[in-house]
Structure formats: C-alpha cells, structure tokens
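This report describes a sheet, the surroundings of a ligand and a set of helix contacts. The sequence and structure come first.

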Amino acid sequence: MMPMSGELSLVLTLGVMVGMAILLGFLFRPTGSADPCEMNCRAIKLGKKLGEGSFGVVYQGLYNNTPVAVKTLRRGTMDPRDFLKEAQIMKTMEHPNLIRLLAVCTEEPIYIITELMKNGSLLDYLKVRVGRLRLYDQIEMAAQVASGMAYLEMKNYIHRDLAARNVLVGENNVYKVADFGLARVLQATPMLSNQTKMYYISVGKAIFPLRWTAPEAIANERFTIKCDVWSFGILLYEIMTFGEIPYPNMTDSQVKQMVPNGYRMPCPVDPYCSKDMYKIMLDCWKENKYDRPTFKALKMRLRDVSG
Ligand code: AMP
C-alpha cells in the first residue's frame, strides 16, 4: 500500500468527519411536528357549531371516525408557542372528571380537539333545569367537579378559570372540568367576544373572570390552587341558583371594591339553598387563602352532605 502524504490523510479525515455529520443529521432530523399530540388539521372534519366561548367557536367534528369537539381559537387570543407548551402538560392530565385533550393543531387558526360532551356546558344545563333538579343532583355535580379538581391539585396544576361555563355535562350525569390551563395563556385582546366581555376584565396583559376570582389573585396577579378553591365556592353558588350570575345586583366596580373588604354573597333563598352547601361556599371564600379547604377535603365533605 502506498504511504499517504500528511495533506491527503488530513483531507480524507475531514471528509469522513463531514460525511458522518451529514449522516447523523439525517438520522436524527426532526420529523415533522415536535409534539406528539400535534396533528394534521386536514384529518378533522368539522360539523355543526356547538357554541361559542371565550376563545372562539366550538364545533362538533369527526377525528379518526370518532365524534369529537373542536375548539377553534380566535387569532390573537394567545401565542401559539405558549399554547403548545401548555397543551403538552394538559395532555398528561387524565381523570374521569376532566375533559380529555385528544390533539391540537397549531397552524392558525389553532384547533383543540377534545372528547365530545353531549349535554354542553353546565351553565346552560342548569339554566334550563330550574326547579327540575333535586339537591341530591346538585351535590353530585359539585362532588364530581371537586374530584376532578382534587386530581389537578395533586398534580400541582392550577385551573385559573373554574366556573359553570367551563364544566361540561355528558350522558348519565357525568360532569367534567374543561379548559384547565387555558386561562394562563389567554391574552388581553381588543377583539374580545361579547361573552368574554361579560365575564372577564383586563388586568395588564392578562384577563381575569372578575366575579370568580379570589381578591388576592386580582391584587397581585398571582394564582394558586387556593384561588381555584375560591372559584369553586362561586361555582357552588351557580349550581345552587341554577346558573345565576354571581353578585347579581352589583356592578363590576362594586365587586372589585367590596369583595376585598369582606363582602360575601348571602345564602340564596329563591331557589332555596341548603345551609350545608352555603357553609362550604363561605369556607371557600375565607379571606386568608390558607384557611380555605383543599379540594381533597371538599370532595370528601360533599360526599357527606345529605341531599
Ligand atoms: P368554551 O369555549 O369551552 O367556553 O365552549 C363554548 C361552548 O361550546 C360551551 O358552552 C359548550 O356549549 C360547547 N362546548 C365546548 N366544549 C365542548 C365539548 N367538549 N363537548 C360539547 N360541547 C362543548
């Protein structure tokens, strides 16, 4: 064999290294989406409109021949990168009382594909059942929501927008918490929908559901699971009043001023609210957040309230 000159061997070594780098780059190239739950938007067939929420229109759809709900996000409501990060966490949350996130499509408009809940939002469900539900049914709704929230609490995850409009009703009296985590990535936009304007106020770059939010979260713009417990107390009020707006006779500025100064809604009288349920609401609205119960305790307590 001919001995190689120093220059030739250097050229050959460099050539081999470049070749290896190209081969490795090819083998470990990113294949399409970086996220396993991201999917091709064309795989979805959109059907009838189910409703409209804070983020955009929700449609019934078909995904892999399975009926699903498709939430479309209005442009500008959130940064797609922030949303995708949150969706990866949301995808890991699995509980019988939490809505399952099946897939997302992040080409704008963003689609969020979730399981379909036949009876729509708890708020609408309650409003058409005034006087037709028993206390037993109302306690059952509250206990199932507390159960889903106890799971989020255990996972150290905060909902930030717990309200009857964000609980969905399935068949056979199944209730599931929806939209957890989405409020974190929601941005204040000049194009808020009418529904959003009705429930949310802008605080800096974020928006808050004023009547459902604990006073300390509005004051310091920091959410904890204890703020979710406060919102759960408001959700109990919605359940017991068949979907009445909280603080019904007060303006937003009265709520903003009076609640931090100790004002609490009285026990609803018409329709009648059980004293046990009202006591739970008051515990959720304790001024010191550490005095509020955990969701785990609420779940057990609701199992003991007699209906
Ligand atoms: P949202 O944007 O979550 O507030 O949803 C707006 C409306 O769409 C709700 O009030 C429901 O009526 C409907 N909706 C949302 N998600 C679902 C779902 N997974 N199944 C059935 N209906 C839904």
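## Terms and model

Two strands are taken to pair if DSSP finds at least two bridges between them. The model is predicted.

## The hairpins

Strand E1 (residues 44-52) and strand E2 (residues 57-63) pair in the antiparallel sense, with 6 bridges between them.

The hairpin of E2 and E3 has 2 residues between the strands, and Asn 64 in its turn has a positive phi of about 50°.

## The sheet

The strands belong to an open sheet of 5 strands in the order E1-E2-E3-E5-E4, and the pairing is antiparallel. E1 and strand E4 (101-105) stand at the edges with a single partner strand each, so one side of each has no neighbour in the sheet. Neighbouring strands of this sheet are turned against each other by 30° on average, direction ignored.

## Around the ligand

Which residues come nearest to the ligand? Of the 20 residues around the ligand, these are Gly 51, Gly 53, Val 58, Ala 69 and Ser 121. The elements that give two or more residues to this shell are E1 and strand E3 (66-72). E1 gives the most, with 3 residues.

By residue type, the shell around the ligand divides into 9 nonpolar, 6 polar and 5 charged residues.

Helix H4 (residues 135-154) packs against H8 at an angle of about 165°, with the two axes 10 Å apart. This angle makes H4 roughly antiparallel to H8, since angles over 145 degrees are counted that way. The crossing of H4 and H8 is right-handed. On the H4 side the contact is made by Gln 138, Met 141, Ala 142, Val 145, Ala 146, Met 149 and Glu 153, and on the H8 side by Ile 225, Asp 228, Phe 232, Leu 235, Leu 236, Ile 239 and Met 240. The residues of this contact divide into 11 nonpolar, 1 polar and 2 charged.

H4 also packs against helix H11 (residues 295-304), at an angle of about 155° and with the axes 8 Å apart. H4 and H11 are therefore roughly antiparallel to each other. Their crossing is left-handed. Residues Ile 139, Ala 142, Ala 143, Ala 146, Ser 147, Met 149, Ala 150 and Glu 153 of H4 meet Phe 295, Lys 296, Leu 298, Lys 299, Leu 302 and Arg 303 of H11. This contact of H4 with H11 comprises 9 nonpolar, 1 polar and 4 charged residues. Ala 142, Ala 146, Met 149 and Glu 153 of H4 are among the residues that contact H8, and they are also among those that meet H11.

## Helix H8 with H10

The axes of helix H8 (residues 225-240) and helix H10 (residues 275-284) come within 7 Å and cross at roughly 150°. That angle makes H8 roughly antiparallel to H10. H8 passes H10 in a left-handed crossing. From H8, the residues Val 229, Trp 230, Phe 232, Gly 233, Leu 236, Tyr 237 and Met 240 meet Met 277, Ile 280, Met 281 and Cys 284 of H10. The residues of this contact divide into 10 nonpolar, 1 polar and no charged.

Some residues of H8 take part in two of these contacts. Phe 232, Leu 236 and Met 240 are among those that meet H10, and they are also among those in the contact with H4.

Terms used
Residues are numbered from 1 along each chain as its sequence is written. This is a predicted model: local features need pLDDT of at least 70, side-chain atom pairs count only at pLDDT 80 or more; totals for chains, interfaces and linings use all residues. Axes are lines fitted to C-alpha atoms, for helices over the stretch in contact, and angles run from 0 to 180 degrees between N-to-C directions. Helices (H or I, at least four residues) and strands (E, at least two) are DSSP runs, numbered from the N terminus. Angles under 35 degrees count as roughly parallel, over 145 as roughly antiparallel, 65 to 115 as roughly perpendicular and the rest as oblique. A crossing is left-handed if the near helix is turned anticlockwise from the far one by less than a right angle, and right-handed if clockwise. Two residues are in contact if their C-beta atoms, placed from the backbone, lie within 7 Å. Ala, Val, Leu, Ile, Met, Phe, Trp, Tyr, Cys and Pro count as nonpolar, Asp, Glu, Lys and Arg as charged, and the others, Gly among them, as polar. A residue is near a molecule or strand if its C-beta atom, placed from the backbone, lies within 6 Å of it.
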